[in-house]
Amino acid sequence: MREIRLKARAKINLTLDVTGKREDGYHLLETIMQTVALYDGIYMKKLEKPVIKLKTNLPWLPTDARNLAWKAANLMRETFGIKEGVFIEIDKRIPVAAGLAGGSTDCAAVLVGMNRLFGLGLSEAQLEEVAGRLGSDIPYCIRRGTVLCEGVGEVMTNVAHPCPDCYVVLAKLPVSVSTASVYKQLRWQEIEQHPDTKAMLKAMEEKDVAKMGKLLSNVLETVTIELHPRIAKIKARLMELGAEGALMSGSGPTVFALFTDRAKARKAAALVKREFALKDCLATRTYRVRRELRGEHNNDRNKIQHQYK
Ligand SMILES: C[C@@](CO)(OP(=O)(O)O)[C@H](O)COP(=O)(O)OP(=O)(O)OC[C@H]1O[C@@H](n2ccc(N)nc2=O)[C@H](O)[C@@H]1O
Ligand SMILES: Nc1ncnc2c1ncn2[C@@H]1O[C@H](COP(=O)(O)OP(=O)(O)O)[C@@H](O)[C@H]1O
């Protein structure tokens with residue numbers, strides 16, 4: 001194989017709780033992650049020269065070792081003694097620094113692409129292990145689907161009954177939020193309202209999107225909404241426009257809202273985009289991976305055949 005095209009999909013956090021802090025300062029999480037259909041296009045081609053060349057459609061995005069996709073290719077070359085080089089082109093469609101794991105998912109896709117392009121034969125479990133060396137939510141971006149993530153994101157459990165298919169509006173304020181400063185400002189011991197993760201899993205089992213909407217909860221909102229109160233206004237407007245629920249994703253600033261009706265979701269996205277003068281506001285849908293389409297919730301990672309579409 002000389003070249004490959006992959007779709008690196010974004011994620012949202014349906015619930016996000018902070019349950020403690022590690023000795024190194026990282027916060028311990030309990031979060032239900034969900035893949036959405038929105039993706040960055042990734043094209044990879046083998047090069048004879050031993051170099052990593054990266055190109056993106058965003059002129060200001062770094063294309064050197066600061067880019068997680070570059071880091072992924074580099075780590076794979078070093079770890080597995082790959083002599084040839086690789087050209088990577090990223091068609092960035094996921095808003096950057098948005099709480100949608102755009103960089104992490106590009107990184108995961110490049111790990112998958114290197115595995116296939118160079119015939120390394122690594123299992124999903126092995127890819128997840130390599131991914132964990134590059135960032136805490138990158139193993140999830142390898143696995144995808146509806147996954148309960150604990151630890152700092154790397155302890156993953158496939159959810160028995162994944163999120164029912166529904167429409168998702170993503171609305172990002174044009175502000176940048178530093179994940180590091182959100183965690184730093186979070187007074188996790190004083191949090192009063194914690195997500196009810198078990199109830200969310202039950203609502204998914206019942207395929208009850210309305211119930212899920214009411215249970216959406218993210219403790220990082222307390223910090224980011226204080227910094228950017230317009231996040232709360234966008235949430236309220238999306239609810240007025242018929243959303244079953246609305247929440248900030250990850251450390252923000254993107255707000256997502258769940259809809260059962262496609263036309264309503266598209267209309268809400270168009271209206272919110274105009275009313276709040278947003279560059280990034282669109283309607284997408286939840287994305288299920290093959291194991292979920294087959295009704296499996298196998299946590300034996302070695303048995304899961306890797307599929308990355
Ligand atoms: C908030 C979440 C939820 O899914 O997603 P995003 O908003 O990034 O999408 C993640 O926990 C984002 O994890 P990750 O992507 O690894 O965060 P990074 O930007 O690498 O971390 C920046 C800094 O945030 C702090 N940090 C990060 C993760 C964590 N569990 N606890 C922390 O305290 C650390 O100080 C770290 O140095
Ligand atoms: N391939 C990439 N795509 C987007 N951002 C990247 C990438 N590689 C590195 N970054 C850097 O990662 C930072 C966080 O971006 P991103 O992963 O999109 O945000 P988040 O973690 O909030 O979802 C950005 O400041 C960006 O410069």
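Predicted model: local features only at pLDDT ≥ 70, side-chain atom pairs only at ≥ 80, totals over all residues.
Me: Which residues come nearest to ligand 1, of the 20 around ligand 1?
Reply: His27, Ala180, Tyr183, Gly250 and Ser251 come nearest. The elements giving two or more residues to this shell are S1, S2 and helix H5 (179–185).

Me: What makes the shell around ligand 1 a matter of both domain 1 and domain 2?
Reply: Domain 1 (3–158) and domain 2 (167–285) each supply at least three of the shell residues.

Me: Why is Lys11 called buried?
Reply: Lys11 has 28 other C-beta atoms within 10 Å. A residue is buried if 20 or more lie within that distance, so Lys11 is buried. Lys11 lies in strand S1. Leaving aside neighbours within four places in sequence, the contacts of Lys11 are Met33, Gln34, Thr35, Val36, Leu100, Ala101 and Tyr140.

Me: Which residues does the UniProt annotation "active site" cover?
Reply: The annotation, from an unreviewed entry, covers Lys11 and Asp137.

Me: What makes them a cluster in space, although they are spread over 127 residues of sequence?
Reply: The largest C-alpha distance is 10.0 Å.

Me: Is Asp137 buried or exposed, and why?
Reply: The count for Asp137 is 24 other C-beta atoms within 10 Å. The label buried needs 20 or more, therefore Asp137 is buried. Asp137 sits in the loop between helix H3 (124–132) and helix H4 (138–143). Not counting residues up to four places away in sequence, Asp137 touches Ala101, Ser104 and Gly153.

Me: Why does Ala101 count as buried?
Reply: Ala101 has 27 C-beta neighbours inside 10 Å. With the cut-off at 20 or more, Ala101 therefore counts as buried. Ala101 is in the loop between strand S4 (85–91) and helix H2 (102–117), and phi of Ala101 is near 60°, a positive value in a residue other than glycine.

Me: What is the phi of Ala277, and is Ala277 buried or exposed?
Reply: Ala277 is not a glycine but has a positive phi of about 50°. With 9 other C-beta atoms within 10 Å, and exposed meaning 12 or fewer, Ala277 is exposed. Ala277 is placed in the loop between helix H10 (262–275) and strand S11 (280–285).

Me: Why is Ser181 called partly exposed?
Reply: Ser181 has 13 other C-beta atoms within 10 Å. Exposed needs 12 or fewer and buried needs 20 or more, so Ser181 falls in between and is partly exposed. Ser181 lies in helix H5. Ser181 and Gly153 are 28 residues apart in sequence and 18 Å apart in space, C-alpha to C-alpha.

Me: Which residues of helix H6 (residues 197–205) are buried?
Reply: They are Met200, Leu201, Ala203 and Met204.

Me: How do you know that they are on the same side of H6?
Reply: The arc they cover around the axis is only 160°, which puts them on the same side of H6. In an α-helix, 3.6 residues make a turn, so residues three or four places apart point the same way.

Me: What covers the buried residues of H6?
Reply: The cover includes strand S1 (3–21), strand S2 (27–47), strand S5 (146–151) and helix H7 (209–215). Just after H6, Lys207 takes a positive phi of about 50°.

Me: How do you know that the peptide bond from Gly252 to Pro253 is cis?
Reply: The omega of this bond is near 5°. Pro253 is in the loop between strand S9 (245–248) and strand S10 (255–259).

Terms used:
Residues numbered from 1 in each chain as written. Chains lettered and ligands numbered in written order. Helix = DSSP H or I, 4+ residues; strand = E, 2+ residues; numbered from the N terminus. Arc of directions from axis to C-beta. Contact = placed C-beta atoms within 7 Å. UniProt positions renumbered as here; feature names shortened; annotations may be inferred. Near = placed C-beta within 6 Å. Domains from an automatic or database assignment.
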